[in-house]
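Reader: Please show me how to read a few features of a structure that is new to me.

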Amino acid sequence: MRHIILTLAALCALAAPSLPAADEPPNIVVILADDLGYGDLSCYGHPTIRTPHLDRLAAEGMRFTQFYSAAEVCTPSRAALLTGRYPIRSGMCHDQFRVLRTRSTGGLPADEVTLAELLKARGYATACIGKWHLGVFSINSAHHPKRHGFDHFFGLPHSNDMDPSPQRPQGASGRLDQDPAWWNSPLYRDEELVERPADQTTLTRRYTEEAVAFIRQNKSRPFFLYFPHTFPHVPLFASERFKSKSPRGLFGDVVEELDWSVGHVLEALRAEGLDKKTLVFFTSDNGPWLIQKEAGGSAGLLTDGKGSTWEGGLRVPGIACWPGRIAAGSTQREMATMMDLMPTCAKLAGAEVPADRPIDGVDIAPILFGKGSVPRETFFYYRGQQLYAARKGVYKAHVLTRPGYGPEKPQAHDPPLLFDVERDPGEHYNVAAAHPDVVKEILADIERHKADLKAPPSQLQDVAAP
Ligand code: MG
């Protein structure tokens, strides 16, 4: 009899869902698309791109409708994600150069504290798989992901369009028939160059295999997987399995392969019994690269895209999933930003964020777990080192505007343009005249922010001789 009871108890224990203790530090998986717009996923309304795995992630978790990247282009956005700070504070932005290039000597300063460093100190295994773009470590080894808290790196040091080979024809920008041989991007595993040029048609698949291997290797300890994809940044390449399959054309093929990758990572978490112990967050580093025409994405109903401080430049998809902790199928309409990931994940892991510097992100656990709201006053929109706009509550004031790309000079607005971005997310109807008090309040916030700011010299302007 005793034997039967023990067996039953053992069976019940096996059948019980393996919910973590409330304070058990979760695994953290941050998947970052590159230049994916607000309107490029099915669960954000795209009519022809099919993203069943991301749609499922949203259905089992939380979909943000007002999630912001902290910058309008790649390098500053990544710096903000990992440090929880506006890129102006780390010197990781510049008005003219905008991103690090293949001969840049600068990079994320060593005294910046990254989420990877905080989690590593709490015993997490850490990996960065994909596009780094926070320093060219072949020029300065201090800029390697391993010097910023990552145990392991597999990927490209920068964007996939930064190393053109001599075969690349002039004026190939935006073309859908790009040849992999036109590019000479190096692929690294840790410090070792494994392939040059990287075969870009298989990058998404190989990143995914590496990510799944990392999850399996670290299934019995907490881990942080930072997975910044190379795509859908132009030039676009999809593997044979996805090529010419999407009704949206090559851009759709590439996004559908990214979606496959997300599905594969989620399947690995489920297979290892880790899904209920893992917070997965999916987002994009900035809006769609509209000047690439059909090869660029879509910001949906938002104005402009990558490079711009109109909503289309910074408002991006944001999906959070943690079964058992985040309400399934929820839609989050409160504003949140990429800078929030650092303090939020640090707290979940039991780490303290640095107290000796401003951290601009806030802990969004209350809205993730349905336990209240988040104390956020303002959000500032920078283009390079210049503050172009600020949001407070439903209102956004533009003091400067300029298209994301093109020869136009910045246009100053005094009084600022004012939009209610909840009533008017496309920013079509200037309501400044009706709300002079709001304008005054936001201008005062901007002045306070600028007065408190200690901006170091930019890391983006130093370029080594060829
Ligand atoms: Mg980007």
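This is a predicted model: local features need pLDDT of at least 70, side-chain atom pairs count only at pLDDT 80 or more; totals for chains, interfaces and linings use all residues.

Reader: How many aromatic pairs does a search of the whole structure find?

Author: A pair of aromatic rings is described by the distance of the centres and the angle of the planes. Rings of Phe, Tyr and Trp (its six-membered ring) pair if their centres lie within 6.5 Å; planes under 30 degrees apart are stacked, over 60 edge-to-face and the rest tilted. The search finds 23 such pairs. One of them joins Phe154 and Tyr207, edge-to-face, with 6.2 Å between centres and 90° between planes. Phe154 lies in strand 4 (residues 152-156) and Tyr207 in helix 5 (residues 203-217), so this pair ties together parts 53 residues apart in sequence. Helices (H or I, at least four residues) and strands (E, at least two) are DSSP runs numbered from the N terminus.

Reader: Is Phe154 buried or exposed?

Author: Buried means under 20% relative accessible area, exposed over 50%, and partly exposed in between (1.4 Å probe, protein chains only). Phe154 has 3% relative accessibility and therefore counts as buried. Tyr207, at 0%, counts as buried too.

Reader: With which side chain does the side chain of Asn160 make a polar contact?

Author: A polar contact is a pair of N or O atoms within 3.5 Å; within protein, one must be able to donate a hydrogen and the other to accept it, and residues adjacent in sequence count only if both atoms are side-chain atoms. The partner is the side chain of Gln200, at 3.0 Å. A polar side-chain atom of Asn160 also lies 2.9 Å from the backbone oxygen of Pro235. Asn160 sits in the loop between strand 4 and strand 5 (187-189), and at 0% relative accessibility Asn160 counts as buried.

Reader: Which domains does the assignment give?

Author: Domain bounds come from an automatic or database domain assignment. Here they are domain 1 (2-14 + 24-166 + 175-368) and domain 2 (379-452). Their centres, taken over C-alpha atoms, are 28 Å apart. In contact (heavy atoms within 4.5 Å) are 31 residues of domain 1 and 27 residues of domain 2.

Methods. Residues are numbered from 1 along each chain as its sequence is written. Side-chain values use heavy atoms; hydrogens and water are left out.
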